[in-house]
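Work through the exercises below with the sequence and the 3D structure at hand. Each task is followed by a solution in steps.

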Amino acid sequence: MAQPKNGVTAQDVKKIAKLSRLHVEDDRLEPIADDLNGILAWIEQLGEVDVEGVEPMTSAVDMAAPMRSDNVSDGGKREAVLQNAPKSDDGFFVVPRSVE
Amino acid sequence: MSDLTKLTLSDALDGMAKGDFSSEELTKAHIDACMDGADLNAFITTTFEDAMESAKASDARRKAGTAGKLEGAPLGVKDLFCTEGVKTTAGSKILGEFTPTYESSVTANMKADGMVMLGKLNLDEFAMGSSNETSFYGPVINPWRKGENLVPGGSSGGSASAVAADLCLGATATDTGGSIRQPASFTGTVGIKPTYGRCSRWGTVAFASSLDQAGPIAKTVKDSAILLESMAGYDPKDSTSINAEVPNWAASCGQSVKGLRIGIPKEYTIDGMPAEIQTLWDEGIEMMKAAGAEIVPISLPHTKFALPAYYVVAPAEASSNLARYDGMRYGLRVDGKDLNDTYERTRTEGFGDEVRRRIMIGTYVLSAGYYDAYYLRAQKVRTRIVEDFENAWQTCDAILTPTAPSAAFAVGRKVNDPVQMYLNDIFTVTTNLAGLPGISVPAGLDKNGLPLGLQIIGRAMDEATVFKAASALEDAAGFTAKPETWWV
């Protein structure tokens, strides 16, 4: 398959993985770059479409965003919210230390 | 008593109304079928004990004269809908033992209407797949088989397989690029994706929010109408939910299509499509003509760009939606040396290959320097696809196409070639991009005896015409074939 205009390199994969919060072993960077380039080469055909003056579609439904009054309608469910937590203590989520 | 699992939903509801059998008897028969069909791997979680309790309660309600629209019907729920107190996995390891403390709006509607839930049905991980092979819980097997195990399609493979094998009277499903209609085509069942906004997305695990839409998989067009009437409806908790009455769609089934203008898009004839699919499509055209419809050639010139546009938009939305799986508040957590390492380990172990691939594509097309070239352009192409349909509606009322470019294929065959796998959705994905309703109706068998479906697409909010045309096609095709029950 043809290489896309902006071919993804191993270095790019490393960057995308970091942005995605995914860990990729060094020996997997090249194969994943090839994989993504295969898909992106196929996506390149979008370049054939004349989109001059075309508005991007931003909503799949033909209506304005609905408004509602600014009232509290739900809440007070701390126990339910914490029920599926991998780790919780005294009504809080427990997460790994993020500030040294 | 005759085998209650062979009934349609409509006949089963009538039978209970007449007192021919109870929900308890009907539910028991389906639980037995589910246990016999365990090798199909259609369920991730079964809730048989709860189902028997629900059936008893349902019989009591019927006796008290308060029977709902789905009263006592044993149904399956795709494991993408959150169900209160029942583990919900989205087919992924990352959700771990996640057990919702709330109910999705769609299943809440169905429970209020008397549904008896048999369990949670298998699916591609986060509904990303066309063969049900990306599920962490293993592939679903199609009840239709030809010497080797075939895929049921995806992502609603468990729903399609369970309905085709008579394990349940119908099932919920979801469709982001074809995930209701392609599995329906692969299994000889009926599946409809309604207009975007008809079914609330609240409480359904999100994949690509501007494309995701729930709908049923059922044994007949009328059954699918009955189920959709229950699933659909305005929900203030989903800001894209359409505030409109849900019509009596079941009443549209069986209505005459005399004078209805059916469009035939020339761009849906593609290279490499099996001759049998073209033949089936031609037969479908003749059937609609014989039923009194007027056949109109139409053009949807941007059809070939729909899939590439989808594979920009859907991964972009997925990469954003799936950012929430960080191992902090629910689901799997894999401890690392610090916070970032914990995020990375959790997400790398928790997500499967296809999901990680789509997250990375989505992140790439949204990243600085590529946004305009990929994402913005894809959204503009999407506008072009909507315009194609707007032009078509000037001369036709509904559109007839094949549902999928092939019959069911063997397990493992396409799993290593993502683009080949993506091509499964070539005929279905346009309606997701444009937000239109589409239904797949089983219309014939191929030379190997495998089912093939045809698709009817309608105007936004015009499911009534879709059901009318689909029901005429169903009557004319007379599809009654069932797979041999080799799994018992």
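**Exercise 1**

Which residues does A:Asp35 touch, not counting residues up to four places away in sequence?

*Solution.* The model is a predicted one.

Step 1. Locate the residue: A:Asp35 is in helix 2 of chain A.

Step 2. List its contacts. With residues up to four places away in sequence left out, A:Asp35 touches B:Arg357 and B:Pro418.

Step 3. A:Asp35 has a relative accessibility of 22%, so it counts as partly exposed.

Step 4. Look within chain A. The C-alpha atoms of A:Asp35 and A:Val8 are separated by 9.5 Å, and the two residues are 27 residues apart along the chain.

**Exercise 2**

*Solution.* 

Step 1. Take the residues. Chain A gives 47 residues to the contact and chain B gives 59 residues.

Step 2. Take the area. The two chains bury about 4,800 Å² between them, and 69% of it is on carbon and sulfur atoms.

Step 3. Take the charged pairs. There are 2 salt bridges between chain A and chain B. The side chains of A:Glu48 and B:Lys304 meet in a salt bridge, at 3.3 Å from N to O.

Step 4. Take the polar contacts. Across the interface of chain A and chain B, 17 residue pairs are in polar contact, counting pairs with both residues at pLDDT 80 or more.

Step 5. Find the elements on the side of chain A that touches chain B. Those that give two or more residues are helix 1 (10-19) and helix 2 (29-43) of chain A. Helix 2 of chain A supplies the largest share, 8 residues.

Step 6. Sort the residues on this side of chain A by type: 28 are nonpolar, 9 polar and 10 charged.

**Exercise 3**

*Solution.* 

Step 1. Start from the general idea. Side chains of opposite charge can pair when their charged atoms come close. Over all chains, the count comes to 29 salt bridges.

Step 2. Take B:Lys87 and B:Glu97, whose side chains meet in a salt bridge at 3.8 Å from N to O. Both residues lie in the loop between strand 2 (74-78) and helix 4 of chain B, so the pair ties together parts that are 10 residues apart in sequence. With a relative accessible area of 19%, B:Lys87 is buried. B:Glu97 is exposed, with a relative accessible area of 59%.

Step 3. Take B:Asp175 and B:Arg181. Their side chains form a salt bridge at 2.8 Å from N to O, and both residues are buried.

Step 4. Take B:Asp353 and B:Arg356, whose side chains also form a salt bridge, at 2.8 Å from N to O. The two residues lie in helix 11 (residues 353-366) of chain B, 3 residues apart, about one turn of the helix. B:Arg356 counts as partly exposed at 21% relative accessibility, whereas B:Asp353 is exposed, with a relative accessible area of 59%.

Step 5. A:Asp35, B:Glu354, B:Arg357 and B:Arg358 are joined into one network by salt bridges that share partners.

**Exercise 4**

What is the nearest side chain of opposite charge to B:Asp113, and how far away is it?

*Solution.* 

Step 1. B:Asp113 is in the loop between helix 4 (105-112) and strand 3 (116-121) of chain B.

Step 2. The nearest side chain of opposite charge is that of B:Lys69, 5.8 Å away. A salt bridge needs the charged atoms within 4 Å. B:Asp113 is buried yet has no salt bridge.

Step 3. Look for a polar partner. The side chain of B:Asp113 makes a polar contact with the side chain of B:Ser230, at 2.7 Å.

Step 4. List the surroundings. Leaving aside neighbours within four places in sequence, B:Asp113 is in contact with B:Gly68, B:Lys69, B:Leu70, B:Glu71 and B:Ser230.

**Exercise 5**

How many residues of helix 5 of chain B are buried?

*Solution.* 

Step 1. Count. Helix 5 (residues 157-164) of chain B is mostly covered, with 8 of its 8 residues buried.

Step 2. Find the cover. It includes strand 2, strand 3, strand 4 (170-175), helix 6 (181-187) and strand 6 (213-218) of chain B.

Step 3. Look just past the helix. There, B:Asp166 takes a positive phi of about 60°.

Methods
Residues are numbered from 1 along each chain as its sequence is written. Chains are lettered from A and ligands numbered from 1 in the order in which they are written. This is a predicted model: local features need pLDDT of at least 70, side-chain atom pairs count only at pLDDT 80 or more; totals for chains, interfaces and linings use all residues. Side-chain values use heavy atoms; hydrogens and water are left out. Helices (H or I, at least four residues) and strands (E, at least two) are DSSP runs, numbered from the N terminus. Buried means under 20% relative accessible area, exposed over 50%, partly exposed in between (1.4 Å probe, protein chains only). Lys and Arg count as positive and Asp and Glu as negative; His and the chain ends are not counted. A polar contact is a pair of N or O atoms within 3.5 Å; within protein, one must be able to donate a hydrogen and the other to accept it, and residues adjacent in sequence count only if both atoms are side-chain atoms. Contact means heavy atoms within 4.5 Å. Buried area is the accessible area (1.4 Å probe) that two parts lose on being put together, summed over both. Ala, Val, Leu, Ile, Met, Phe, Trp, Tyr, Cys and Pro count as nonpolar, Asp, Glu, Lys and Arg as charged, and the others, Gly among them, as polar.
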